[in-house]
Amino acid sequence: MSIPVLVLGAAVCTLITVVVMRHLSHTLLLGNRPPVFEGIPLIGGLLKFIKGPMSLMTEGYATLGDVFTVPVLHKRITFLIGPHAAPHFFKATDEEMSQTEVYNFNVPTFGPGVIYDVDQKVRTEQFRFFTEALKKDRLKKYVPLFVMEAEMYFKNWGQTGVVDFKDVFSELITLTAARTLLGREVREQMFEKVAALLHDLDAGMIPISTLLPYLPIPVHNTRDRAREEMRRIFQKVVTARRASGVKEEDVLQQFIDARYQNVNGGRATNDSEICGMLIASLFAGQHTSSITTAWTGIFMTADKAISWDPACAEQKAIIKTHGAEITYDALQDMEVLQRNITEALRMHPPLVLVLRYAKSPFEVTTRSGKKYTVPKGDVVAASPNFNHTLEHVFTDAHKYDPARFAPPREEDKRTPLGFIGFGGGRHGCIGSNFAYLQIKTIWSVLMRNFEFELLDPVPEPDYNSMVIGPKACRVRYTRRKATL
């Protein structure tokens with residue numbers, strides 16, 4: 001028998017052995033694991049994942065139900081679909097379900113010594129810095145800055161014109177973030193330079209980055225140079241502020257003044273940590289806020305009777321009660337606008353998947369009562385996008401219907417973890433109140449001064465992006481002859 005035939009035979013035997021052992025490991029040998037959704041042995045899971053998470057989840061859920069595992073290369077990804085399967089995912093401790101192993105690809109972007117490059121005790125304290133920077137008394141001081149940036153931006157619009165909301169709000173949210181997060185010095189003296197560096201950091205986050213974040217490719221090299229330049233810029237800003245003794249009303253100042261309590265000997269934050277936490281703040285909120293602001297406008301403009309008209313009527317009532325100034329208290333009373341925003345976020349959350357790493361096995365129960373044991377070492381995924389389309393969670397789930405959040409329906413409250421647009425459980429979004437105030441401010445300024453008309457159909461979400469926003473959609477604005 002020739003050597004090539006022997007080699008081929010050995011390869012076939014090896015392949016058969018691997019397939020059989022994988023099958024046994026998912027059935028007889030390692031307990032009641034979730035069913036495997038793979039198709040072609042060894043490569044089927046990868047092929048399904050490459051087609052996109054939404055396609056994968058749609059097919060997997062229809063075939064296997066709430067819980068299933070997809071082998072992808074050397075990893076196993078277990079999907080938990082819907083609120084009945086999700087409690088442990090959102091409520092488990094970090095010792096049980098960890099973020100570090102699945103999100104440490106952010107380390108080259110955020111930098112060393114922050115968030116996913118530190119242990120849980122240090123990360124908890126750094127999250128405390130974020131929380132303190134976004135308390136009610138701080139938020140009240142950010143609102144006038146939101147208003148100022150929005151009014152300055154839209155002052156440059158003409159009497160009428162055509163825009164794409166996604167582009168408009170990406171630019172405006174960056175401006176408001178620069179003002180409230182990065183500081184007055186950055187916004188007024190070096191915004192264009194910092195915005196270009198942020199673009200390079202953002203462009204350095206591509207799909208391959210999640211698997212090989214240090215791969216020496218051009219976008220990663222540019223990302224690394226941008227991160228180092230950002231560090232130098234903020235080192236100068238922080239040094240100048242400390243020398244001047246002047247206190248500013250922004251998140252940067254909160255990070256400068258922050259001190260650890262139970263770790264790092266109680267020291268103050270250093271310049272590298274401050275820079276890393278500011279970048280993390282921007283990445284956590286900028287895309288979410290700009291995309292949700294865009295979807296809110298698209299849906300309000302598309303069906304004015306159920307959303308735009310009630311929101312404009314609310315603005316008139318708010319002006320009558322609070323006066324024309326847009327204040328924190330006035331924004332808090334905008335319940336109609338808040339429901340419009342929440343419904344846009346329900347329909348199109350910017351993150352298609354949220355992930356954890358199972359540090360210990362856990363049991364999960366499906367909606368139908370089946371029980372499975374998810375093993376230690378699995379990457380575990382939940383999907384706000386897919387969960388929010390489930391008809392047993394939201395009535396007419398594919399319909400834009402802000403009234404679903406109003407009494408007496410309150411569909412977001414009838415099923416625990418039914419709405420996870422801002423996450424849930426132990427890791428709910430720290431910046432959700434900041435985001436609502438930011439978006440409400442922008443749309444309050446717009447509704448009082450402009451009318452809008454969609455020139456294209458409501459766009460599809462762009463699932464080819466790392467963060468899921470709307471595809472291109474032209475909108476005509478017309479300045480009101482008299483403000484509301």
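Student: Which residues are linked in a network of salt bridges?

Tutor: Glu-343, Arg-346, Asp-401, Arg-404, Arg-409 and Glu-411. A salt bridge is a side-chain nitrogen of Lys or Arg within 4 Å of a carboxyl oxygen of Asp or Glu. By this rule there are 30 salt bridges. This is a predicted model: local features need pLDDT of at least 70, side-chain atom pairs count only at pLDDT 80 or more, and totals for chains, interfaces and linings use all residues. Residues are numbered from 1 along each chain as its sequence is written, and side-chain values use heavy atoms, without hydrogens and water.

Student: What makes Arg-138 and Glu-249 a salt bridge?

Tutor: Their closest N and O atoms are 2.7 Å apart. The cut-off is 4 Å, so the pair counts. Arg-138 sits in helix H8, and Glu-249 in the loop between helix H13 and helix H14, 111 residues apart.

Student: Why is Arg-138 called buried?

Tutor: Its relative accessibility is 9%. Buried means under 20% relative accessible area, exposed over 50%, and partly exposed in between (1.4 Å probe, protein chains only). So Arg-138 counts as buried.

Student: And why is Glu-249 called partly exposed?

Tutor: Glu-249 has 37% relative accessibility, so it falls in the in-between class.

Technical notes:
Helix = DSSP H or I, 4+ residues; strand = E, 2+ residues; numbered from the N terminus.
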